[in-house]
Amino acid sequence: MVESPIVLEVRGLTKRFPGVLANDHIHLKLHKGQVLGLLGENGAGKSTLMNLIYGLYAPDEGEILVNGQAVAIHDANDAIRLGIGMVHQHFQLVPVLSVTENIMLGNESLRDRFFRFLDKKTARQRIVDIAQQYGLQVDPDALIQDLPVGVQQRVEIIKALYRKADILILDEPTSVLTPQEAEGLFEIIESLTAQGVSIIFITHKLKEIKRVCDTVTVLRLGKVVGDADPHTATSEELASLMVGRSVLLQVDKSDAHPRQAVLQVERLNVLDDRHLPAVREVSLEVRGGEIVGIAGVQGNGQTELVEAITGLRVIQSGLVRIDGRDVTHATPRTVTEAGTAHVPENRSKNGMVKELPITDNLVLQTYYLAPFSNNALRFDPAIEENAQALVTQYDVRTPSIFAHVGTLSGGNQQKAIIAREFSRNAKLLIVAQPTRGVDVGSIEFIHKQIVSMRDAGTAVLLISTELDEILSLSDRVAVMVGGRIVQTLSADELDRERIGLLMMGSVPAQEESA
Ligand SMILES: Nc1ncnc2c1ncn2[C@@H]1O[C@H](COP(=O)(O)OP(=O)(O)OP(=O)(O)O)[C@@H](O)[C@H]1O
Ligand SMILES: [Mg+2]
């Protein structure tokens with residue numbers, strides 16, 4: 001096979017932040033029509049590198065070449081002019097505007113003079129054409145707020161293509177997608193590359209690297225540590241290249257020894273943001289010493305169920321009891337004080353205060369208690385000692401415990417939340433999507449911690465859209481479809497295919513489970 005030409009090359013690219021060498025003389029080559037996978041631990045410097053290529057940061061050293069020419073990229077407009085598009089992990093769409101309006105909006109600042117008068121009808125037609133050409137199904141008139149995440153992502157991709165991008169950067173595009181949506185994205189990627197678009201694809205999921213990438217470059221501590229052939233390298237090899245040691249990709253656990261019930265949910269009914277029923281007649285029990293997994297395609301009421309239990313959402317009817325105490329209409333603080341730890345699904349909304357240092361974030365619910373305070377005064381040495389211990393134990397990569405959480409890499413923010421919640425000796429641990437955006441080495445660690453908390457008697461409620469994660473951790477699995485628990489399976493009934501079918505609603509539900 002003749003090698004296709006190099007469309008993008010990075011030579012000696014270096015970026016320093018205070019106390020961190022985020023990118024250390026990086027070399028990278030992207031070939032036309034290929035997918036280059038970028039793999040690396042949390043904080044390895046992947047997003048920083050992409051932000052340099054897209055003009056969001058200025059490099060301290062090194063150069064970027066597009067089609068063999070050294071280029072200066074001062075901002076995103078420069079990048080776009082050079083045919084580089086980027087889909088950020090947090091989409092930058094306006095919820096109340098339509099798909100067409102969002103795509104046009106992005107273009108105005110760029111070439112106002114020519115496009116200001118371009119009417120919506122022409123734009124709409126171009127969007128329809130692009131969508132057709134690359135198999136990106138989307139309704140150009142739909143409002144963004146009515147679209148599922150996977151479709152919003154397609155809008156972001158169309159937006160880049162609309163601006164004539166032929167180099168596309170996808171930073172952890174699958175971390176917010178359901179497995180079905182991810183598969184849809186892979187088909188889109190195939191259609192894009194077949195038509196000459198070149199893609200940089202960041203993920204922590206080794207299976208995805210093998211599924212879509214032509215080549216892989218691995219970063220560690222800001223440096224390129226090697227390239228791999230995704231077709232021949234095993235997941236174990238990729239993991240150890242990335243982490244620098246061998247990683248246990250399976251969970252090691254013994255049988256559960258459940259004790260008395262810690263969480264009791266009875267006939268719970270909850271509405272979603274649009275006031276439509278989201279949780280219907282859900283009854284559920286989690287005992288100390290067991291992990292109960294909730295499997296389900298995203299959007300089937302799991303989010304609302306957790307919000308209701310943790311006091312973040314109003315309960316219409318039913319009952320929630322934690323450790324024997326009625327917390328049905330309790331505030332989040334009361335639920336916490338009843339012995340609940342919660343790793344929320346949406347970390348940027350409910351998990352952390354980005355403008356505050358790590359120290360404060362690690363005592364967000366306990367700052368007013370001993371040893372962090374004596375009622376009147378904050379005791380900083382204890383708060384700092386706590387932060388230092390947790391950052392070390394949970395391997396949160398940061399130059400300092402005083403760094404603001406917003407400067408941490410995505411996966412390290414998640415590790416910080418996990419550290420805070422897991423360290424609270426809770427009776428009930430509710431974890432939603434615990435390993436989203438987290439590297440394989442840290443997944444191994446987090447999974448071990450969940451199992452050891454179970455073994456110490458904690459009741460664990462696990463919500464995850466990753467069926468693998470549910471299957472490898474759970475002692476029992478409740479499958480949620482359309483707001484109902486359609487079936488609860490015990491450890492000896494856990495069968496991947498069966499749960500998959502139940503999740504799709506294609507197996508008739510048995511008696512409603514208690
Ligand atoms: N704006 C910033 N200010 C200070 N430090 C930063 C900033 N952005 C990134 N860093 C630091 O640079 C390093 C690399 O971060 P980066 O976000 O590139 O990692 P990553 O490989 O994308 O990780 P993840 O897999 O967790 O997303 C980290 O140590 C991070 O704390
Ligand atoms: Mg990142």
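Trainee: Which residue takes a positive phi in the hairpin of β9 and β10?

Mentor: Strands are DSSP runs of E with at least two residues, helices runs of H or I with at least four, and both are numbered from the N terminus. β9 and β10 (223-228) pair in the antiparallel sense over 5 bridges; two strands pair if DSSP finds at least two bridges between them. Their hairpin has 2 residues between the strands. The positive phi, near 50 degrees, belongs to L221.

Trainee: What pLDDT do local features need?

Mentor: Residues are numbered from 1 along each chain as its sequence is written, chains are lettered from A, and ligands are numbered from 1 in the order in which they are written. This is a predicted model: totals for chains, interfaces and linings use all residues, side-chain atom pairs count only at pLDDT 80 or more, and local features need pLDDT of at least 70.

Trainee: Which residue of β9 does L38 stand opposite?

Mentor: Strand β9 covers residues 215-220 and is joined to β3 (35-40) by 5 bridges. Those two strands run parallel. V218 stands opposite G226 in β10. In β9, the residue opposite L38 is T217.

Trainee: Now the sheet with β1. In what order do its 4 strands come?

Mentor: The sheet is open and its pairing antiparallel. β2 and β5 (69-71) are the edge strands, each pairing on one side only. Neighbours are turned by 25 degrees against each other on average, direction ignored. The order is β2-β1-β4-β5.

Trainee: What is the bridge partner of R11 in β4?

Mentor: β1 (6-17) and β4 (61-66) pair in the antiparallel sense over 5 bridges. E9 has L65 as its bridge partner in β4. For R11, the partner is E63.

Trainee: Which residue takes a positive phi in the hairpin of β4 and β5?

Mentor: β4 and β5 pair in the antiparallel sense over 3 bridges. L65 stands opposite A70 in β5. The hairpin has 2 residues between the strands, and the positive phi, near 50 degrees, is that of N67.

Trainee: The other open sheet runs β12-β11-β14-β15. Which strands stand at its edges, and why is one side of each left without a neighbour?

Mentor: The pairing is antiparallel. β14 (315-322) pairs with β15 over 2 bridges, and R321 has D326 of β15 as its bridge partner. Each edge strand has a single partner strand, so one side of each has no neighbour in the sheet; they are β12 (277-287) and β15 (325-326).

Trainee: What is the phi of R267?

Mentor: R267 sits in strand β11 (261-271). R267 is not a glycine, yet its phi is positive, about 45 degrees.

Trainee: Which residue does a cis peptide bond join to A370?

Mentor: The omega of this bond is about 0 degrees.

Trainee: Are α4 and α5 parallel or perpendicular?

Mentor: α4 (120-134) and α5 (149-162) pack at about 110 degrees, with axes 10 Å apart; axes are lines fitted to C-alpha atoms, for helices over the stretch in contact, and angles run from 0 to 180 degrees between N-to-C directions. Under 35 degrees counts as roughly parallel, over 145 as roughly antiparallel, 65 to 115 as roughly perpendicular, and the rest as oblique. That makes α4, relative to α5, roughly perpendicular.

Trainee: Which residues of α5 make the contact?

Mentor: Contact means C-beta atoms, placed from the backbone, within 7 Å. By class, the contact has 7 nonpolar, no polar and 1 charged residues; Ala, Val, Leu, Ile, Met, Phe, Trp, Tyr, Cys and Pro count as nonpolar, Asp, Glu, Lys and Arg as charged, and the others, Gly among them, as polar. α4 gives R126, I127, I130, A131 and Y134; α5 gives I158, L161 and Y162.

Trainee: Between which domains does ligand 1 lie, and why?

Mentor: Of the 19 residues around ligand 1, N42, S47, T48, S409 and G411 come nearest; a residue is near if its C-beta atom, placed from the backbone, lies within 6 Å. β2 (20-31), α1 (46-53) and α14 (410-422) each give two or more residues to the shell. The shell has 5 nonpolar, 12 polar and 2 charged residues. Two domains give residues to it, so ligand 1 lies between domain 1 and domain 3.

Notes. Domains from an automatic or database assignment. Contact = placed C-beta atoms within 7 Å.
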